[in-house]
Amino acid sequence: MKLVKVHITLKEGVLDPQGKAVQGSLNTLGYNNVKEVRVGKYLELTVNDDANIEAEIEAMCNKLLANPVIENYKFTVEEGVVQ
Amino acid sequence: MKFAVIVFPGSNCDRDMYYAAKDALGEDADMLWYQEANLEGYDAILIPGGFSYGDYLRSGAIASTSDIVVQLREQADKGVPILGVCNGFQILLESGLLPGAMLRNKNLKFMCHFENLIVENNDSLFTSKYQKGEVVSIPIAHHDGNYYCDDATLARLKENNQIVFTYENNPNGSVADIAGIINEQGNVLGMMPHPERAVEAILNSDDGLKLFQSMLENWRERYVAGA
């Protein structure tokens, strides 16, 4: 088994109202060093071993997990724990 | 004229859409469960608002992978009019039938109130009964209605006159005040405001009715002999 870790983030230049609100809250708490926050998504996929795993995950990201119009994605493939 | 209203798990404006077509407009309409729907033989397809699949992942993303979208693409290619409202618009975006994507409203709030829209393009089968520049009052009800597209896409939308409705006072941060856009072919319209909730005076506005009347008029001109 493999453990795939997918990170999805908003593209540069795409407004992130949620990130702005989080940044505002952090600043309110006194963390004035925080100049920008971008909120993204993190997914873990447990998948069967497959020679094409990288290409397949890429297709999954483009078709469903991320929206290429507004989001970027990156992923890593690690050894998964056999359950 | 026969309308299909596609019902997804989590659709909640399906009955309003049915009411607009059936009662307000006075035409035939069927509500079709997305798994069993056969879109063949309908004169127009309505994708209602709501929260299909609880807006999981992104609004409209899960619905856009269902088999019904394959049928939607076929009907769109054939030129059948397709109207997606609110979540229906989001599904059209996620399935690539319209360009762009939705972001969370810039004020992060779910907003539910009437907005003034400007009819930018009345040269479409959905808007022919409006005047160009006409201001209409139609309610919005959304959390993710902040339309986004890149500059190249926006330029194309403008060039092809694909921006159909804009907000008079942009409530959500949408690029170029966009409230509704149409595909290049001119038969697929997506809009965040709800025309089906503004089809009779008792609902505070009947400005949405003309949209359905435009669809009917266009269909009659095309398909009914002697009309």
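**Exercise 1. Find how many salt bridges the rule gives across the interface of chain B and chain A, and describe the contact surface.**

Step 1. A salt bridge is a side-chain nitrogen of Lys or Arg within 4 Å of a carboxyl oxygen of Asp or Glu. Under this rule, one salt bridge crosses the interface of chain B and chain A. Its partners are the side chains of Glu71(A) and Arg58(B), at 3.6 Å from N to O. The model is predicted: local features need pLDDT of at least 70, side-chain atom pairs count only at pLDDT 80 or more, and totals for chains, interfaces and linings use all residues. Side-chain values use heavy atoms, without hydrogens and water, residues are numbered from 1 along each chain as its sequence is written, and chains are lettered from A in the order in which they are written.

Step 2. With contact meaning heavy atoms within 4.5 Å, 15 residues of chain B touch 14 residues of chain A.

Step 3. The two chains bury about 1,200 Å² between them, 71% of it on carbon and sulfur atoms. Buried area is the accessible area (1.4 Å probe) that two parts lose on being put together, summed over both.

**Exercise 2. Give the strand order of the open sheet in chain B and state which strands stand at the edges.**

Step 1. Strands (E, at least two residues) and helices (H or I, at least four) are DSSP runs, numbered from the N terminus. Two strands pair if DSSP finds at least two bridges between them.

Step 2. The nine strands follow the order 2-1-3-4-11-10-9-6-7, with mixed pairing. Strand 2 (28–33) and strand 7 (135–142) of chain B each have a single partner strand, so one side of each lacks a neighbour in the sheet.

Step 3. Within this sheet of chain B, strand 3 (residues 44–47) and strand 4 (residues 82–85) run parallel and are joined by three bridges. Ile47(B) has Gly84(B) as its bridge partner in strand 4.
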